[in-house]
Amino acid sequence: MRPRDALPDPDVQHDLRELEAALGGEPTADPDLAGLVADVEAARPAPDAAFLASLDARVRAGFPTERATPPREPEPWHVRIRRPRILLPAAGLALAAGLAAVVVALPGSTRDLGSSSSTLSAELGGGKDSAGAAGGSSSSSSSASSRPKTTAPSAQPALATGSPSPAGGPSTTPALPTIPPSTTATDRKVQRAAELTLTPQADDVQDVTDGVVRETQAAGGYVQRSEIATEDGGGTASLTLRVPTARLDAVLGRLSQLAHVGALTQASTDITATTVSAADRLADARDERRALLRALGRATSDRQIASLKARLRDNRSQIAARKGALDAVRRRADLATVGVSVQGTDRPSGDKGGGAWTPRDALHDAGRVLEVAGGVALIALAVLAPLAVVAALAWLAARGLRRRRRETALDRTA
Amino acid sequence: MELSTSEPTTARFDALYRETASDVFAYVLTLLRDRAAAEDVTAAAFERAYRRQRSFDAGRGTQRAWIFGIARNAALDELRRRRRTATLLADPEDASAAGRGDHDDDALRRAAVRVALAHLDPRERELIALKFHAGLSNAEIAKVLGVSESNAGTRVHRAVTRLRKACHAPS
């Protein structure tokens, strides 16, 4: 079988050469073939002179278009939608814009670009209505601040008025989760606690720890436990503070200004029921003492008197114990427990979170902008590339189909 | 009606038009076998070529092959359109062929050629038109038809052979 694009066999090539000679009017051409050429040429249809003249005029005029065509009516939507050439780029742009908006809106995508202040607040639901007989309720909130320098001062007005840090000054106000006073009623008792992690530079651990102690004492609190481990070029400190609950938020604000806040967690527990229970038990014991004293006044025999005195001794011990328990519960409400962890880090000074916006920051931000823009472009490409491939395949298919239909049209004229 | 010229006629296009107008018309009429439609299609093909002058790529073939390719597409589109609207029941007589000495031998022979052409397959008739009327080389015909040059040569040879047989066949 002859390959599709192989040269014609020698006979065909010879005949084709003969044909070319006859068409060229060469004297050596086959007379029979030359006659055929002449006869076919004689049968050649010629255009009308009028048609040629008209076409000449149009060619000379450059195939003018009619300007008097009335302006087109606006096409209905179902006609416009049949024009993918118009709609496809628009749809692609809209899709890319939507993706860009989604990417920019993603929390992780812009975490280093702009302000990331967050103020969390948690209301103590149990402190209002539901604590009652159930023995109290608790709530907690936490935050991990990555760039506290961007926190708007107005976001935490109560916490922004702190003394400058002994370490030189992170003049930052991190976003602190705040827990509002637990109840509107003044007789409710709430136990509050907080865990604060400060991450100063390694050399500043001791200074920051001293600042923590100083701020605690200034607020009327005390250091319940402290553990400081310093080493060459760094160290850690762990402190447990007891501060008046009423001043907890202010103390946290001041402590947060000592260094970069790595994490902050607050919790509160409604202990009203526990307090009331302890008070009731103390009142019961006192009522019992009064009853015993009345019984002692009415006693007539030595045996009764001795028995009542013994019971009064027991009652006295009971009252003392219950009074101690009540005081302990009240102390839990009056003094909040704050756990402070100071961890020295080797972060570069430019990333402390404070200071002015430097060219280095600008370079960093510009890099991030380019990074995000590149990501958006990549996503857009990932979306548009398959569409482009599909469009190209559709175009090729349409082209092939049109060509096939044209060839079919010629065959059907037979 | 006010007319406006979109752009001036280029010298190259004008030369191409002068050189090929009659050939293109003959080729289109061979395909359509309808003089009026052939005139419309020929005009449309040249207008299309005029508007697409910048799309011509000399590396992909000659200007003649390019204009005949455009004319072929326009003619086939016209055939498709006519098939959707009406069927051509009979070929109209070529008025220009009438009254050319019906009694001499040449006239008889040429009449036999016209009959033979009419009985050829449309694709063979197209090849005869491209080869004899338009004077295209096999390479140019290959470009017009979208086939290889050797394939075009083979087809031309086959069409000429069929035509010669048809001319010598007893009527």
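Is Phe63(A) buried or exposed? Select Phe63(A) and look around it. The model you have open is predicted.

**Stop 1: Phe63(A)**

Stay on Phe63(A). This residue sits in the loop between helix H3 (49-60) and strand E1 (65-66) of chain A. Phe63(A) has a positive phi of about 50°, yet it is not a glycine. Most residues other than glycine have a negative phi.

**Stop 2: chain A as a whole**

Zoom out and color chain A by secondary structure. Chain A holds 10 helices and seven strands. Of its 414 residues, 24% are buried. Now consider contacts in chain A between residues at least 6 apart in sequence. Of these, 79% join residues at least 24 apart.

**Stop 3: Arg192(A)**

Go to strand E3 (residues 190-198) of chain A and pick Arg192(A), which belongs to that strand. Arg192(A) counts as buried because it has 24 C-beta neighbours inside 10 Å. Arg192(A) and Pro244(A) are 52 residues apart along the chain. Their C-alpha atoms are separated by 9.8 Å.

**Stop 4: helix H7 of chain A**

Select residues 248-256 of chain A. This is helix H7, and it is mostly covered: eight of its nine residues are buried. Which residues of H7(A) are buried? They are Leu248(A), Asp249(A), Val251(A), Leu252(A), Gly253(A), Arg254(A), Leu255(A) and Ser256(A). Show the surroundings too. The cover over these buried residues includes E3, helix H6 (205-218), strand E5 (234-244), E6 and strand E7 (335-343) of chain A.

**Stop 5: helix H8 of chain A**

Move on to residues 272-298 of chain A, helix H8. H8(A) has 27 residues. From first C-alpha to last it reaches 39 Å, close to the 39 Å expected at 1.5 Å a residue. Highlight its buried residues: Thr272(A), Thr274(A), Thr275(A), Ala278(A), Leu282(A) and Leu292(A). What covers them? Strand E6 (261-270) and helix H9 (302-334) of chain A are included in that cover.

**Stop 6: chain B as a whole**

Switch to chain B. Its secondary structure comes to seven helices and one strand. Trace it along the sequence and the pattern reads β-α-α-α-α-α-α-α. Buried residues are 41% of the 171 residues in chain B. For contacts in chain B with a separation of 6 or more, residues 24 or more positions apart account for 67%.

**Stop 7: the cores**

Which residues have the most contacts inside the largest nonpolar core? Select Tyr27(B), Val28(B), Phe68(B) and Ala71(B) to see them; this core has 58 residues. Center on Tyr27(B). Leaving out residues up to four places away in sequence, Tyr27(B) touches Phe68(B), Ala71(B), Ala129(B), Leu130(B), His133(B) and Ala134(B). Another core, of 23 residues, lies apart from the largest one. Among its members are Leu196(A), Leu198(A), Leu241(A) and Val342(A). In soluble globular proteins, nonpolar side chains tend to be buried together.

**Stop 8: Arg33(B)**

Return to chain B and pick Arg33(B), in the loop between helix H1 (11-32) and helix H2 (35-51). Arg33(B) is not a glycine, but its phi is positive, about 60°. Why does Arg33(B) count as buried? Arg33(B) counts as buried because it has 20 C-beta neighbours inside 10 Å.

**Stop 9: helices H6 and H7 of chain B**

Finish with residues 138-145 and 149-168 of chain B, helices H6 and H7. They pack at an angle of about 100°, with their axes 8 Å apart. That angle makes H6(B) roughly perpendicular to H7(B). On the H6(B) side, the contact is made by Asn138(B), Ala139(B), Ile141(B), Ala142(B) and Leu145(B). On the H7(B) side are Glu149(B), Asn151(B), Ala152(B), Gly153(B) and Val156(B). By class, this contact has six nonpolar, three polar and one charged residues.

Note on methods: Residues numbered from 1 in each chain as written. Chains lettered and ligands numbered in written order. Predicted model: local features only at pLDDT ≥ 70, side-chain atom pairs only at ≥ 80, totals over all residues. Axes fitted to C-alpha atoms, helices over the stretch in contact; angles between N-to-C directions. Helix = DSSP H or I, 4+ residues; strand = E, 2+ residues; numbered from the N terminus. Parallel < 35°, antiparallel > 145°, perpendicular 65-115°, else oblique. Contact = placed C-beta atoms within 7 Å. Nonpolar A, V, L, I, M, F, W, Y, C, P; charged D, E, K, R; others polar. Expected span 1.5 Å × (residues − 1). Buried ≥ 20, exposed ≤ 12 C-beta atoms within 10 Å, placed from the backbone. Core = buried A, V, L, I, M, F, W, Y, C linked by C-beta atoms within 7 Å.
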